[in-house]
Amino acid sequence: MLPENASILLIDDEADMCWAVKRILTGKGYQVTMVDTGLQAMEHVQCKHYPLIFLDAKLPDVEGLQLAERIKQIFPDTHIIFLTGYYYRDDPVITTALSKGIIDGFIAKPFKNEDVLNVLIPLANQFYAHNP
(Lines give C-alpha, C1' and ligand atoms only; values in the text may rest on other atoms or scores of the structure.)
Protein backbone atom coordinates (compact mmCIF):
# COMPACT_ATOMS: atom_id res chain seq x y z
CA MET A 1 0.00 0.00 0.00
CA LEU A 2 1.30 3.40 -0.92
CA PRO A 3 0.31 6.82 0.44
CA GLU A 4 0.98 9.87 -1.72
CA ASN A 5 4.17 10.91 0.11
CA ALA A 6 5.54 7.39 0.62
CA SER A 7 9.23 6.63 0.70
CA ILE A 8 10.40 4.52 -2.20
CA LEU A 9 13.75 2.75 -2.43
CA LEU A 10 15.39 2.65 -5.84
CA ILE A 11 18.19 0.10 -6.19
CA ASP A 12 20.10 0.42 -9.46
CA ASP A 13 23.75 0.91 -10.35
CA GLU A 14 23.00 2.94 -13.49
CA ALA A 15 23.07 6.62 -12.54
CA ASP A 16 21.06 7.73 -15.57
CA MET A 17 18.35 5.19 -14.84
CA CYS A 18 18.15 6.30 -11.21
CA TRP A 19 17.89 9.92 -12.25
CA ALA A 20 15.03 9.16 -14.66
CA VAL A 21 13.02 7.04 -12.22
CA LYS A 22 13.60 9.45 -9.34
CA ARG A 23 12.41 12.37 -11.47
CA ILE A 24 9.20 10.53 -12.37
CA LEU A 25 8.47 9.56 -8.76
CA THR A 26 9.37 12.83 -7.08
CA GLY A 27 7.24 14.59 -9.67
CA LYS A 28 4.28 12.72 -8.16
CA GLY A 29 5.21 13.65 -4.59
CA TYR A 30 7.06 10.50 -3.52
CA GLN A 31 10.25 10.52 -1.47
CA VAL A 32 12.97 8.51 -3.24
CA THR A 33 16.14 7.07 -1.77
CA MET A 34 18.66 5.76 -4.29
CA VAL A 35 21.35 3.14 -3.66
CA ASP A 36 23.53 1.23 -6.08
CA THR A 37 24.45 -1.97 -4.25
CA GLY A 38 22.68 -4.76 -2.44
CA LEU A 39 24.65 -4.05 0.71
CA GLN A 40 23.47 -0.44 0.77
CA ALA A 41 19.92 -1.61 0.08
CA MET A 42 19.93 -4.00 3.05
CA GLU A 43 21.29 -1.28 5.32
CA HIS A 44 18.43 1.00 4.29
CA VAL A 45 15.61 -1.55 4.60
CA GLN A 46 16.79 -2.53 8.08
CA CYS A 47 16.54 1.11 9.20
CA LYS A 48 13.36 2.20 7.46
CA HIS A 49 10.26 0.57 6.00
CA TYR A 50 9.79 1.10 2.28
CA PRO A 51 6.36 0.08 0.98
CA LEU A 52 7.74 0.03 -2.58
CA ILE A 53 11.14 -0.87 -3.99
CA PHE A 54 12.31 -0.64 -7.59
CA LEU A 55 15.11 -3.17 -8.06
CA ASP A 56 17.52 -3.82 -10.91
CA ALA A 57 18.32 -7.43 -11.84
CA LYS A 58 22.08 -7.04 -11.89
CA LEU A 59 23.94 -5.18 -9.17
CA PRO A 60 27.70 -5.10 -8.58
CA ASP A 61 27.50 -7.24 -5.44
CA VAL A 62 24.35 -9.38 -5.75
CA GLU A 63 21.75 -10.69 -8.15
CA GLY A 64 18.50 -8.75 -7.91
CA LEU A 65 16.31 -11.79 -7.31
CA GLN A 66 18.50 -12.93 -4.41
CA LEU A 67 18.17 -9.48 -2.88
CA ALA A 68 14.41 -9.49 -3.47
CA GLU A 69 14.11 -12.81 -1.63
CA ARG A 70 16.07 -11.46 1.34
CA ILE A 71 13.95 -8.33 1.54
CA LYS A 72 10.68 -10.28 1.25
CA GLN A 73 11.77 -12.60 4.09
CA ILE A 74 12.17 -9.60 6.37
CA PHE A 75 9.35 -7.42 4.99
CA PRO A 76 6.81 -9.58 3.17
CA ASP A 77 4.43 -6.63 2.70
CA THR A 78 6.99 -4.61 0.71
CA HIS A 79 6.17 -4.43 -2.99
CA ILE A 80 9.20 -5.08 -5.20
CA ILE A 81 9.15 -4.07 -8.84
CA PHE A 82 11.88 -5.52 -11.01
CA LEU A 83 13.20 -2.81 -13.34
CA THR A 84 15.63 -4.37 -15.78
CA GLY A 85 16.91 -4.68 -19.29
CA TYR A 86 18.42 -8.07 -18.58
CA TYR A 87 15.21 -10.12 -18.62
CA TYR A 88 12.03 -9.89 -20.65
CA ARG A 89 8.47 -10.09 -19.31
CA ASP A 90 7.82 -13.71 -20.35
CA ASP A 91 11.21 -15.00 -19.24
CA PRO A 92 10.70 -18.12 -17.08
CA VAL A 93 12.86 -16.56 -14.35
CA ILE A 94 10.49 -13.58 -14.17
CA THR A 95 7.25 -15.54 -14.41
CA THR A 96 8.45 -17.86 -11.64
CA ALA A 97 9.50 -14.94 -9.42
CA LEU A 98 6.12 -13.29 -9.96
CA SER A 99 4.17 -16.48 -9.24
CA LYS A 100 6.17 -17.13 -6.05
CA GLY A 101 5.69 -13.54 -4.84
CA ILE A 102 9.42 -12.77 -4.86
CA ILE A 103 8.66 -9.76 -7.03
CA ASP A 104 5.34 -8.00 -7.46
CA GLY A 105 5.84 -6.46 -10.87
CA PHE A 106 8.16 -6.10 -13.81
CA ILE A 107 9.19 -3.14 -15.95
CA ALA A 108 11.50 -3.66 -18.91
CA LYS A 109 14.26 -1.18 -19.70
CA PRO A 110 14.02 1.00 -21.65
CA PHE A 111 10.67 2.07 -20.23
CA LYS A 112 8.15 4.84 -20.66
CA ASN A 113 7.18 7.17 -17.83
CA GLU A 114 3.73 5.60 -17.86
CA ASP A 115 5.22 2.19 -17.13
CA VAL A 116 6.59 3.48 -13.84
CA LEU A 117 3.46 5.45 -12.98
CA ASN A 118 1.18 2.49 -13.77
CA VAL A 119 2.86 0.56 -10.93
CA LEU A 120 1.86 3.27 -8.45
CA ILE A 121 -1.86 3.47 -9.29
CA PRO A 122 -2.97 0.07 -7.95
CA LEU A 123 -0.79 0.44 -4.86
CA ALA A 124 -2.18 3.88 -4.08
CA ASN A 125 -5.74 2.65 -4.68
CA GLN A 126 -5.12 -0.24 -2.32
CA PHE A 127 -3.81 2.15 0.35
CA TYR A 128 -6.77 4.49 0.14
CA ALA A 129 -9.26 1.61 0.13
CA HIS A 130 -7.82 0.49 3.49
CA ASN A 131 -7.31 4.03 4.87
CA PRO A 132 -10.32 6.17 3.90
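**Two helices side by side**

Let's start with helix H2 (residues 38–47) and helix H3 (residues 64–74), which pack at an angle of about 10 degrees with their axes 11 Å apart. Helices here are DSSP runs of H or I with at least four residues, strands are E runs of at least two, and both are numbered from the N terminus. The axes are lines fitted to C-alpha atoms, for helices over the stretch in contact, and angles run from 0 to 180 degrees between N-to-C directions. H2 and H3 are therefore roughly parallel to each other, a label for angles under 35 degrees.

This is a predicted model: local features need pLDDT of at least 70, side-chain atom pairs count only at pLDDT 80 or more, and totals for chains, interfaces and linings use all residues. Residues are numbered from 1 along each chain as its sequence is written, and side-chain values use heavy atoms, leaving out hydrogens and water.

Where do the helices meet? Gly-38, Ala-41, Met-42, Val-45 and Gln-46 in H2 touch Leu-67, Arg-70, Ile-71 and Ile-74 in H3, where contact means heavy atoms within 4.5 Å.

Gly-38, Ala-41, Met-42 and Val-45 are buried, meaning under 20% relative accessible area, while exposed means over 50% and partly exposed lies in between (1.4 Å probe, protein chains only). Seen down the axis of H2, these buried residues fall within an arc of 95 degrees, so they line one face of the helix; the arc is that of the directions from the helix axis to the C-beta atoms. Their cover includes strands S1 (7–11), S2 (31–35) and S3 (52–55), along with H3. On the other side of H2, Leu-39 and Cys-47 are exposed.

Conventions
Parallel < 35°, antiparallel > 145°, perpendicular 65-115°, else oblique.
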